[in-house]
Amino acid sequence: MDIVLSAKDINKHFFDPIDNHVLKDVSLQINRGEFVSIMGKSGCGKSTLLYILSTMDTNYEGNVELHHQNLRGLKNTELAAIRNKRIGFVFQFHYLLPEFSVLDNVMLPALRLGEKDKDEIEHDAMEKLKMLDISETAKKLATRISGGQKQRVAIARSLINDPDIIMGDEPTGNLDSKNSDVVFDIFRNISSGKKQSILVVTHDLDFAKRTDRIIEMADGRIIH
Amino acid sequence: MPPGVLLKIARTHLLARKRQTAIASLGVTFGIGTFVILVSFMTGLNGLLDGLILNRTPHIRIYNEIKPSETQPIQNSEKYKNSLHVIHSIKPKQSKISIYNNQPLIAALKKDPRVKGITPVVGARVFYVSGAIQLNGNLFGVDVQEQTRLFNFGDYITKGKSENLANNENGIIIGAGVAKKLSLNLNDYVQVISTTGQKMRLKIVAFFQSGLADIDNMQSYVNIKTSQRIQGMPRDFITDIHVKLWDINHAVGMAAEIRNKFQLNAVDIIAANAQFETGTKIRNMITYAVSITLLIVAGFGIYNILNMLIFQKMNDIAILKATGFSGKDVRRIFLYQAMMIGIIGGIIGLIIGYTGSVAISKSPFETEALPTIHYFPVNFDPKFYVIGTVFAMLTTFFAGLMPARKASKVDPVEILRGQ
């Protein structure tokens, strides 16, 4: 099996206001094309783990390897470049840039990457939007579409650079069950291509049950 | 990575906040506009005032001054070498005020590459006589064509033409003040009496008004020959040599050379007119101080607005960072915004500055003292527009620097986790 993401002996402390050992010797591996969910009670450290794996939080002990590359010691600009190319994000509160059109929101990470010219990127972005069935919103401002649509736009954006892994922090936490199902189906389709892995932190047991694997966390450790 | 993306984001942010952007730009516009108008008007005025004196003042004036000899005969005596000399009532001896042996001097000056041109002048103290009135004054014998070429003589002719003098051996260009006092008109005759008693009837071919009443009430111009004749002096009689240089900054050095080499008095324009330079410097200082203050105020405006913008844009910054924009990219986005505000404000400021300057230069400004000036003087030197642009870019850049750095340091995890 091709391992996309692996973490070994991750330890993380918060020192403010008191020393709080939030992650204790966490190790995990995500295979290519795998659809994995992380579950656990609030405060068990699952979001903290996700942000460490996402390269955005660099203040931890242990090692994270993405695409067989150790992330330790890389500069911020290098980590940004890795996030840009290899990781897609979907957040709970959809986090689109409000002043930009739906299409621009999807295109921005690819424009940042700069591997393709603008027309090509626009074409790709339209393809993603079509795939997610929201192509008719392309020219609208990001604030002018519904919550379910916003989340699908966020997914389209996460896919635009064909990343190795898509990470979600409660991607369905703010959606009704119908839209949650839509999002799940999209993730399912993506992972079934066997090229892109998906790692989702969720509270939603129904959602988690349908994923390939559930990592259960409690008190800063993986218990299952 | 193409910078186009960052520019696009910066532009979109600004366009989404048109009013704030406009207000921030307006600060720059105001600063630059005021700078351009102030500096154009001030330097225009400076140029006029300097020109009033400097343009028609020779850069070096060479003459023979009447003064007591510095060495007295007793000082040359070997016998009294180590004694104390006490001499009472030293008086200057009778000597010619003419520049002695002036032909070689003129030839040497004409060959000097620093010299733009020279005019010999024959000064004479005279009385103007009209009816029963006698008025004392100065007569200058000049080569009127050279005088016009080198010292803008034509600018001060209010009636008649300066060339008429060259064609009329018995012509005179009379000071406007003299003419007024003696009720003289163009083509009238005026009688001139020299200190030695010689009389001459001269025809008024033009009026001359410098704007300085002292001069206009005394001074008149005639041909060199006329001036020599009225004093009963031969053709090599020359009292002054006026030198105009290509570069005024050589005046001090050259004047010293002439003093040493020819044993003559040579006064340079800088020594003679030091107060003008001081005035110019202080006026320039005030102009720049006011403009820089305005621009700094504009800079604070930009700083404030960007700070506010970054506070509102925390979420966006976090998303950008999450999707792969580095801190450097984010910093650039906000710096671009500052610079865009600077460019927009600066361009409008330049336009307003130019329009304002044109308006001023078209405003009537009539004054007795300046006969040839009819509008306010304005200096349209493109240099000021360049300086203004550079100022605008610099202030906005530095105003944007701190907020932009703050934006680049935003921790996306904190924002995205909603802490």
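Reader: Why are H14(B) and H15(B) called roughly antiparallel to each other?

Author: In this predicted model, the axes of helix H14 (residues 327-361) of chain B and helix H15 (residues 382-408) of chain B cross at roughly 155° and come within 8 Å. Axes are lines fitted to C-alpha atoms, for helices over the stretch in contact, and angles run from 0 to 180 degrees between N-to-C directions. Angles under 35 degrees count as roughly parallel, over 145 as roughly antiparallel, 65 to 115 as roughly perpendicular and the rest as oblique. The angle of roughly 155° is over 145, and H14(B) and H15(B) are therefore roughly antiparallel. Residues are numbered from 1 along each chain as its sequence is written, while chains are lettered from A and ligands numbered from 1 in the order in which they are written. Local features need pLDDT of at least 70, side-chain atom pairs count only at pLDDT 80 or more, and totals for chains, interfaces and linings use all residues.

Reader: What is the hand of the crossing of H14(B) and H15(B), and what classes of residue has their contact?

Author: The crossing is right-handed. A crossing is left-handed if the near helix is turned anticlockwise from the far one by less than a right angle, and right-handed if clockwise. The contact of H14(B) with H15(B) has 16 nonpolar, twelve polar and three charged residues. Ala, Val, Leu, Ile, Met, Phe, Trp, Tyr, Cys and Pro count as nonpolar, Asp, Glu, Lys and Arg as charged, and the others, Gly among them, as polar.

Reader: What makes S2 and S5 of chain A edge strands?

Author: Four strands of chain A form an open sheet in the order S2-S1-S4-S5, with antiparallel pairing. Helices (H or I, at least four residues) and strands (E, at least two) are DSSP runs, numbered from the N terminus; two strands pair if DSSP finds at least two bridges between them. Strand S2 (20-31) and strand S5 (69-70) each have a single partner strand, so one side of each is left without a neighbour in the sheet.

Reader: How do you know that S4(A) and S5(A) pair?

Author: S4(A) and S5(A) share two bridges, and at least two are required. One bridge partner pair is Leu66(A) with Gln69(A) in S5(A). The two strands form a hairpin with two residues between them, and His67(A) in the turn has a positive phi of about 55°.

Reader: How many bridges join S1(A) to S2(A), and over how many do S1(A) and S4(A) pair?

Author: Eight bridges join strand S1 (residues 3-14) of chain A to S2(A), and five link S1(A) with S4(A). In S2(A), Leu23(A) is the bridge partner of Lys12(A), and Ser6(A) stands opposite Gln29(A). In S4(A), Leu66(A) is the bridge partner of Leu5(A), and Ala7(A) stands opposite Val64(A). A hairpin of five residues joins S1(A) to S2(A). H1(A) lies across S1, S2 and strand S4 (61-66) of chain A, at about 125° to S1(A).

Reader: What is the order of the sheet of six strands in chain A?

Author: This open sheet runs S6-S7-S8-S3-S9-S10, with mixed pairing. Strand S6 (87-90) and S10 of chain A stand at its edges, each with a single partner strand, so each has one side without a neighbour in the sheet. Strand S3 (residues 35-40) of chain A runs parallel to S8(A), joined by four bridges.

Reader: How many residues of chain A are in contact with chain B?

Author: There are 22 such residues, facing 21 of chain B; contact means that the C-beta atoms, placed from the backbone, lie within 7 Å. Helix H1 (46-53), helix H2 (76-86) and helix H3 (102-113) of chain A each supply at least two residues of this side. H2(A) gives the most, with six residues.

Reader: Where in chain A is confidence lowest, and where highest?

Author: Confidence is lowest in strand S10 (residues 221-222), at a mean of 80, and highest in strand S8 (residues 197-201), at 88. pLDDT is the predictor's confidence in each residue, from 0 to 100. The mean for chain A is 83, and 99% of its residues reach 70 or more.

How values were computed:
Contact = placed C-beta atoms within 7 Å.
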